[in-house]
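Here's a friendly tour of one structure. Have a look at it first, and then we'll go through its helices and its core.

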Amino acid sequence: MLLLPLLAFLFASLLVAAAAMAFSPGTAGMIERRLAEVTGTRVKSTADEPGYERVVVDALKRIGSVGPHSPSEMGKLQKRLVSAGYRSREAIAVFFGIRIGFALLCFTLLATPILFRPNLPMALAACGLGYLLPSMALGRLAKRRQHRIRLGLPDALDLLVVSVEAGLGLDQAIQRVGEELAFAHPDLSDELRLINLELRAGKGRVDALKNLADRTGVDDIASLVAMLVQTDKFGTSVAQSLRVHSDTVRTKRRQRAEEAAAKTGVKMVFPLVFCIFPAIWVVTIGPAAIKFIQVLGPMTQK
């Protein structure tokens, strides 16, 4: 009887160790990436090699191509994927594959006697839930990325003001700020680098800035783009406009922080009532209740 739990523990440990070794990057790959950061060269990624990741991506693309796709849903999903930071062409197909595969997995687990007793209504409900969960997770990722961009915008505006007042043009200032923010705010840095690439490709500044607002979906970015477009149209001072807008964005960030702090008390009510107060009542009133029952119990029996 003692041997079975020991064997189960050993089997689970070996399984976890094998999974960690399979999914962790190798030492050679880490060394190559660090050398590439120093030398500035590009290292061939695992997606370029015919490995297990490429096989998984191809399988998800084949699964995603089976399901029906409406044009309106494709447009909304593409915008959401871009907001979450997934800009590759195969991102939509991979996402559809993940959604269909997860739904089929949930249905299989409840419709077959693998884990539980087969239950068709529960399996259908789990299938629908599994179909919706990837969309919810994608929306959550997009909101987190938008929050990170919103937090890094005041710092980017300060750097833009310094760069423009130092004599750089707006395009060169955007390029410089994108390089400086690569470590502190990588998401915002990537968006600014995309603006620079679009400008180098020949697209107009107004179109590149509007594409930035459409990609991110952040209201502060949209207001910044509107301000820059109006400044370019009317010929006003870019540095002065950026300075005023930077003060406004910092004020809005402080107000958001104060709002979040004011909501903390309301959010703490439910954890206090359902998690902390019962434990306090058990500790404080429990011994008295036990003593009360011990004293009055024999009296009621008589």
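Contact here means heavy atoms within 4.5 Å. Skipping its neighbours within four places in sequence, Ile195 is in contact with Ile174, Ala208, Leu209, Leu212 and Arg215. Keep in mind that this is a predicted model, where local features need pLDDT of at least 70, side-chain atom pairs count only at pLDDT 80 or more, and totals for chains, interfaces and linings use all residues. Residues are numbered from 1 along each chain as its sequence is written, and side-chain values use heavy atoms, with hydrogens and water left out.

Ile195 also turns up, with Ile221 and Leu242, among the residues with the most contacts inside the largest nonpolar core. A nonpolar core is a set of buried Ala, Val, Leu, Ile, Met, Phe, Trp, Tyr and Cys residues joined through side-chain atoms within 4.5 Å; buried means under 20% relative accessible area, exposed over 50%, and partly exposed in between (1.4 Å probe, protein chains only).

| Core | Residues | Members include |
|---|---|---|
| Largest nonpolar core | 30 residues | Ile195, Ile221, Leu242 |
| Second, separate core | nine residues | Leu81, Ile92, Phe95, Phe96 |

In α9, Ala208, Leu209, Leu212, Ala213, Arg215 and Thr216 are buried. They cover an arc of only 165 degrees around the axis (taken from the directions from the helix axis to the C-beta atoms), so they sit on the same side of α9. After α9 comes Gly217, with a positive phi near 70 degrees.

Notes
Helices (H or I, at least four residues) and strands (E, at least two) are DSSP runs, numbered from the N terminus.
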